[in-house]
Amino acid sequence: MARRSRLLKITLGILIGISVSLLLNEKCTERSKKRLAPHRLINEENRRASNKSLLFVGIMTAAKYLDTRAKAVYDTWGREVPGKVMFFSSENSYSEHVPLVVLRGVDDSYPPQKKSFRMLKYMYDNYIDKYEWFLRADDDVYIRTDRLEELLRSVDSRKAWFIGQTGRGNTEEIGLLSLDDDENFCMGGPGVILSRETLKRIAPSVEECLSEVYTTHEDVELGRCVKKFAGISCTWSYEASDGRIMQVILYHNQSGEAAFTGDLKQKEVHRAITLHPIKQPRYMYRLHNYVKGLKIQKYQQESISLHRDIAASMRELGYRAERVNSAELAPNLPLFTDKKGSDGYLGDTGILGIPAGLNRYTPKSLDDILEWELISKTLYTHRDSNPRKRIGSSLKEGLNDVVREIMELINSYSKQRGRVIDFKEILYGYWRLDPVFGVDLILDLLLVYRKYRGHKMTVEVRRHAYVQLTFSGTFVREIDQERSDQELIELDSLPVHKKIVNQIFSKINEKLQPLINYYAPDERYINFVLPLSGRHTIFERFLDSYERICLKNQQSTNLYVALYRNEQTPRDYRRSLQLINDLKQKYPYRIIKVLNTEDEDFSRGRALQLGVNELRDDDLMLFIDVDMAFDEDSLERIRKNPVRNSKVYFPIVYSLYDPHLLDEYYNESMWTCPKNSPIDDEHGFWRPFGFGIVAIYKSDYIKLGGFDLSITGWGSEDVDFYDKAVKSDLKIVRSVDPGLVHIFHSVKCDEKLDINQKIMCLGTKASTLGSVRQLQHFFIKYKDLFR
């Protein structure tokens, strides 16, 4: 027994020893991997830059930023440098994400003079004969490497150059930086570029420069060192080799943490080489994606230009534009080897190759003529019942893009001509959409002409621009296809009995899910609040829709009807009440409630307030009219768009014209199901100035102060409530909703209405008569009756 116990102890000891040994080996392996990781990244960077000798980029960072800012830089523009990029940090720093050089005896304290000068010394000791240019950068700068390469190749790198955004200190620092009158420095944030000759002159003396620092600004001390040992100062604006201003191409944004977090469609972003600062990695990736998009646009424009050149050349050989795709340069030698549908297809030259011109599209009839719309301070269009309206955000953004491109083209030869032209405003313009070729624009631009060479002058000038934005093609991209294929492979590899079990549970889930949804719905309840006075027939139609869409489909909805007694139609009250009672008996488990009022005069605001009083603060309310048709999709949008304490939803509904003006047979049932109804300019119009349909939480309704309950009769209460929402801190969500259709009904404007209400009523009545085209046709048809 003792022998067995001794053997057991020995065995356990051996097992423990093996486990400890394996654990130690594993830890050693991890340490080895950690030691090798930076060397692996450095070797990868060496291979990437093996054939590139233009530029060495040294990026100063700190240990706490290696896996965030530094990684973002290396994942974006860092891998596109026309040369090598290395990151420099304090001793004991480590990263598995960037090629890192650890500077011995250097910490991450501020100011980073020692880190900066030691980095320059490292560049000199290891790479001075391998690269023409050396860039000192921070980990919060973005660099357009293609533009930087273009700039550097235009400058003689054999000379001593010190290039950057020139600085002499801000107002508070003037006279405190120990700079002579002829001295300046290159601001460090946007990046500092040194030629090989400059680095040769200063690198042997960096320790001397470090021992004679006068300020806490690293870039100031670098400028002082360059002036002392290289004999040059930072490049002034007019010395820029391509004629552009250094403050523009090496751009520093004064917004701090908020820099480049908003709209990137700014002229500074488009014309800069470096952009600083970008403090958050997600904004570095965002900016990089935006720059990639600009490059794609550039290549697409080059493709269109090439197609036009090809088409023009082939016309000289007798080929028409539509036959260029099948043209042969010689027997059995096609011009385009890849046919449509293949990966190498270059596009349809019959469309892309047509030269720019306002006559590319030839109408075959009067109806095919493309109408122009006038652009001034506002937009004038015949397509809307209101011919004068504000310029939409999409058109405004498109115009800004066009103007920016035009100005870049105009100023492309500014240096040679000694002038620069700035955009001031669009005086007027015209635009139209050609569904085959693209967008046509005619713009009258007001510009400012500035001549800075010879006889200097500044004067305003006008210039007409004829612009065409050509469609470049339709592109389809599949997402997660590989993952889907892998899932199919895994399913096919399952044993037969597991496949059968999966099928059984799939069927059970399919049958149980509707029942689960019915008894345990997770949808937010929509509380319909409907004011009603008379109009029994219309109300009957509304209840039919409510039953079909909400009750039979188990939608999470409640209905509250504020029912008025109408003296002119007393039977309507009783019949409507009977309809509600019948529906309650048919669906006893649903909330369908009548809210009676003793008011003699109808007030929509007071009627809706009765429904509000029935609900809790966290209830979602939908103020709706009896003339509205809706569908399941519109209910889903009503649930998602309002957010308590944040958003109010004012949907833009589609309103039908008077059916009696239509030449076709009018079927009202077609419109009670919006999914099956045609949404076009002939049958109706969108009501951007209608605010009566609202989805809002009760707590937000109370916060806004509710409706003005003193308003009686037709209209005005919704506009007043919308104004309150605009002035509040709640966000207004406005969007066209094709699932909400306002069925036409004649509008009667009471003579007793307030003057403003009466004007609004008459305006609504006129807008619902018909489209401009229908009214014109109706007038021509019956013009003799109007004489």
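Two rings of Phe, Tyr or Trp (its six-membered ring) count as a pair if their centres lie within 6.5 Å, and planes over 60 degrees apart make the pair edge-to-face. By this rule, the count in this predicted model comes to 23 aromatic pairs. One of them joins Tyr-251 and Phe-260: the ring centres are 6.3 Å apart and the planes stand at 75°, so this pair is edge-to-face. Another pair, Phe-528 with Tyr-546, is also edge-to-face. Phe-528 belongs to strand β20 (residues 526-533) and Tyr-546 to helix α16 (residues 536-551), so this pair links parts of the chain that are 18 residues apart.

Here are the two pairs side by side.

| Aromatic pair | Centre to centre | Angle between planes |
|---|---|---|
| Tyr-251 and Phe-260 | 6.3 Å | 75° |
| Phe-528 and Tyr-546 | 5.3 Å | 80° |

Tyr-251 is buried at 18%, and Phe-260 is buried at 8%. Phe-528 is buried at 0%, and Tyr-546 is buried at 0% as well.

Aromatic residues also gather elsewhere. One cluster is formed by Phe-623, Phe-650, Phe-691, Tyr-701, Phe-707, Phe-721 and Tyr-722. At Tyr-65, the ring has a charged neighbour: the charged end of Arg-69 sits over it, 4.0 Å from the ring centre.

Strand β10 (250-252) is part of an open sheet of three strands, ordered β5-β11-β10 with mixed pairing. Both β5 and β10 are edge strands with a single partner strand each, so one side of each has no neighbour in the sheet. Strands β10 and β11 (residues 274-276) run parallel and are joined by three bridges. Within β11, Leu-275 stands opposite Tyr-251.

In soluble globular proteins, nonpolar side chains tend to be buried together. The largest nonpolar core here has 44 residues, and Leu-55, Trp-77 and Phe-87 have the most contacts inside it. Elements that give two or more residues to this core include β1 (55-60), α2 (66-75), β2 (83-90), β5 and β10. Helix α10 gives the most, with six residues. What does Phe-87 touch, not counting residues up to four places away in sequence? Among its contacts are Ile-59, Ala-70, Val-73, Tyr-74 and Leu-100. A second, separate core has 35 residues, including Val-594, Leu-620, Leu-635 and Ala-695.

Helix α18 (residues 604-613) is mostly covered, with seven of its 10 residues buried. These buried residues are Arg-604, Gly-605, Ala-607, Leu-608, Gln-609, Gly-611 and Val-612. Their cover includes strands β20, β21 (557-564), β22 (592-596) and β23 (620-623), together with helices α21 (698-704) and α22 (717-727).

Finally, a look at confidence. The protein has a mean pLDDT of 81, and 78% of its residues reach 70 or more. Among its elements, strand β5 (residues 142-143) has the highest mean pLDDT, 96, while helix α14 (residues 481-492) has the lowest, 44. Over residues 29-34 the pLDDT stays under 50, and the model has three contacts for this stretch beyond four places in sequence. Residues 238-244 are also below 50, with 13 contacts in the model beyond near neighbours in sequence. Where pLDDT is low, the predicted coordinates should not be read in detail.

Terms used
Residues numbered from 1 in each chain as written. Heavy atoms only, no water. Phe/Tyr/Trp six-rings, centres within 6.5 Å; stacked < 30°, edge-to-face > 60°. Buried < 20%, exposed > 50% of the residue type's maximum accessible area, 1.4 Å probe, protein only. Helix = DSSP H or I, 4+ residues; strand = E, 2+ residues; numbered from the N terminus. Lys NZ or Arg CZ within 6 Å of the ring centre and 35° of its normal. Contact = heavy atoms within 4.5 Å. pLDDT = per-residue confidence, 0-100. Pairing = 2+ DSSP bridges. Core = buried A, V, L, I, M, F, W, Y, C linked by side-chain atoms within 4.5 Å.
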